[in-house]
Amino acid sequence: MLKQITNSKECLACKIPCCIFLKKYKEYAPYLSDDEKEKLSKNKMINEKMLSGAEGEWRLKLNEKGGKLFCCCVDSETKKCNIYSQRPLDCQMYPLLLMKSEGGNKVLIAADDSCPIVKKKTKEELKRHAEYMRKFFKGKKYYLYKNKKMVCPFEKESMIIGQI
Ligand code: SF4
Ligand code: SF4
């Protein structure tokens, strides 16, 4: 399990919980590797109805409620994740994420500055966590190749804090 830069206390107190998506971000629904999909299905944490996509590009479904899109694993009342202990790597990384470089030949680490905790961190703290992520992915080139859909397209305005 990857250590997240935020903690659950900060996330539960958050006014803009990221498990509830704005419609314009629907393509960022949590990504699941084939192994994560298998494990969560085997442990009866998810079922086929909670999935969209296909092999190599599974995502958790988002359900519309009150104009917003709720991850199918979030409790809409408590805002808690029902699969927290087994949440996908995509969720463990957030508010940091993987992003293609402009030319597409590198994998960068970006921070989503819409997260209030990212705004509170110093540049050094963000870079330190990016370095921790770089080490986590060291030797996992094949994993990234197999799960390339987990890597977001390049966005010019993003806060880039590292590279895999
Ligand atoms: S936006 Fe940041 S603080 Fe808020 S729930 Fe998401 S990761 Fe946690
Ligand atoms: S799987 Fe859990 S942590 Fe990830 S978006 Fe859904 S509710 Fe949030």
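1. By class, 10 nonpolar residues, one polar residue and one charged residue make up the shell around ligand 1. The model is a predicted one.

2. The residues surrounding ligand 1 are Thr6, Glu10, Cys11, Cys14, Ile16, Pro17, Cys18, Tyr94, Pro95, Cys115, Pro116 and Ile117. At least two residues of this shell come from α1 (8–12), and at least two from α4 (116–120).

3. The protein chain is divided into two parts, domain 1 (16–88) and domain 2 (95–163). Their centres, taken over C-alpha atoms, are separated by 21 Å. In the contact, domain 1 takes part with five residues and domain 2 with six residues. On the side of domain 1 that touches domain 2, the residues are two nonpolar, two polar and one charged.

4. The model also has an open sheet of three strands, in the order β1-β6-β5, with antiparallel pairing. β1 (20–21) and β5 (62–65) each have a single partner strand and stand at the edges, so one side of each has no neighbour in the sheet.

5. How many bridges join β5 and β6? The antiparallel pairing of β5 with β6 (residues 68–71) runs over four bridges. For Glu64, the bridge partner in β6 is Leu69.

Notes
Residues are numbered from 1 along each chain as its sequence is written. Chains are lettered from A and ligands numbered from 1 in the order in which they are written. This is a predicted model: local features need pLDDT of at least 70, side-chain atom pairs count only at pLDDT 80 or more; totals for chains, interfaces and linings use all residues. A residue is near a molecule or strand if its C-beta atom, placed from the backbone, lies within 6 Å of it. Ala, Val, Leu, Ile, Met, Phe, Trp, Tyr, Cys and Pro count as nonpolar, Asp, Glu, Lys and Arg as charged, and the others, Gly among them, as polar. Two strands pair if DSSP finds at least two bridges between them. Domain bounds come from an automatic or database domain assignment. Two residues are in contact if their C-beta atoms, placed from the backbone, lie within 7 Å.
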